[in-house]
Amino acid sequence: MNKRQNYSRKREAILDTLRSTKTHPTAEWVYLQLKSQYPDLSLGTVYRNLSQFKEDGTIVSLGVVNGQEHFDGDISPHSHFICSHCGSVLDVPNDPNLSIMFKRTSQALDAQIESCHILFRGICSDCMKKQ
């Protein structure tokens with residue numbers, strides 16, 4: 001019983017940690033945030049839970065950036081920007097035209113669209129300042 005309870009607390013902590021940041025972290029980042037609070041937490045546990053959350057639709061994977069998969073706990077419709085120099089992942093402010101495009105695409109295809117992910121790539125302002 002205790003093992004199940006610990007598992008549930010860890011699982012909840014993993015999700016809470018992911019949802020409480022705008023950094024679009026990796027599994028390793030989540031692990032490092034929780035390791036002091038849960039000394040018996042393993043990186044494998046974090047990966048397994050993130051995988052399950054992805055499958056459940058509780059979180060979104062933003063794909064692999066600089067060799068590591070990044071995650072977003074905010075599943076509301078929004079776009080992302082990835083810097084091709086430093087690998088930072090940023091939320092793009094919602095554009096009202098996105099919902100119009102979503103509706104028009106649905107009508108044009110006569111389909112029910114369940115999700116849409118738009119990803120912009122380029123150089124962030126911090127990297128441009130350094131150049």
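Modeller: From one end of the sequence to the other, the protein chain runs α-α-α-β-β-β-β-α-β-α. That amounts to 5 helices and 5 strands, taken as DSSP runs numbered from the N terminus (H or I, at least four residues, for helices; E, at least two, for strands). This is a predicted model, in which local features need pLDDT of at least 70 and side-chain atom pairs count only at 80 or more, while totals for chains, interfaces and linings use all residues. Residues are numbered from 1 along each chain as its sequence is written, and side-chain values use heavy atoms, with hydrogens and water left out.

The predictor's confidence in each residue, pLDDT, goes from 0 to 100. Its mean over the protein chain is 90, and 95% of the residues reach 70 or more.

As for the pocket itself, the term denotes an open set of points, on a 1 Å grid over the protein atoms alone, where a 1.4 Å probe fits, with protein on both sides within 12 Å along at least five of seven lines. The largest pocket holds about 430 Å³ of space, the volume being that filled by probe spheres set on points joined across faces, edges and corners. It is lined by 23 residues, of which Ser76, Pro77, His78, Cys116 and His117 are the closest to its centre; a lining residue has an atom within 4 Å of a point. Strand 1 (60–65), strand 3 (79–83) and helix 4 (96–109) each contribute at least two residues to this lining. By class, the lining comprises 10 nonpolar, 10 polar and 3 charged residues. Here Ala, Val, Leu, Ile, Met, Phe, Trp, Tyr, Cys and Pro are nonpolar, Asp, Glu, Lys and Arg are charged, and the others, Gly among them, are polar.

The cysteines also deserve attention. The whole structure contains 0 disulfides, a disulfide being a pair of cysteine sulfur atoms within 2.5 Å. For Cys83, the nearest cysteine sulfur is that of Cys124, 3.7 Å away. For Cys86, the nearest is that of Cys83, also at 3.7 Å. Cys83 is buried, at 2% relative accessibility, whereas Cys86 is partly exposed at 39%. Buried means under 20% relative accessible area, exposed over 50% and partly exposed in between (1.4 Å probe, protein chains only). Of the 131 residues of the protein chain, 34% count as buried.
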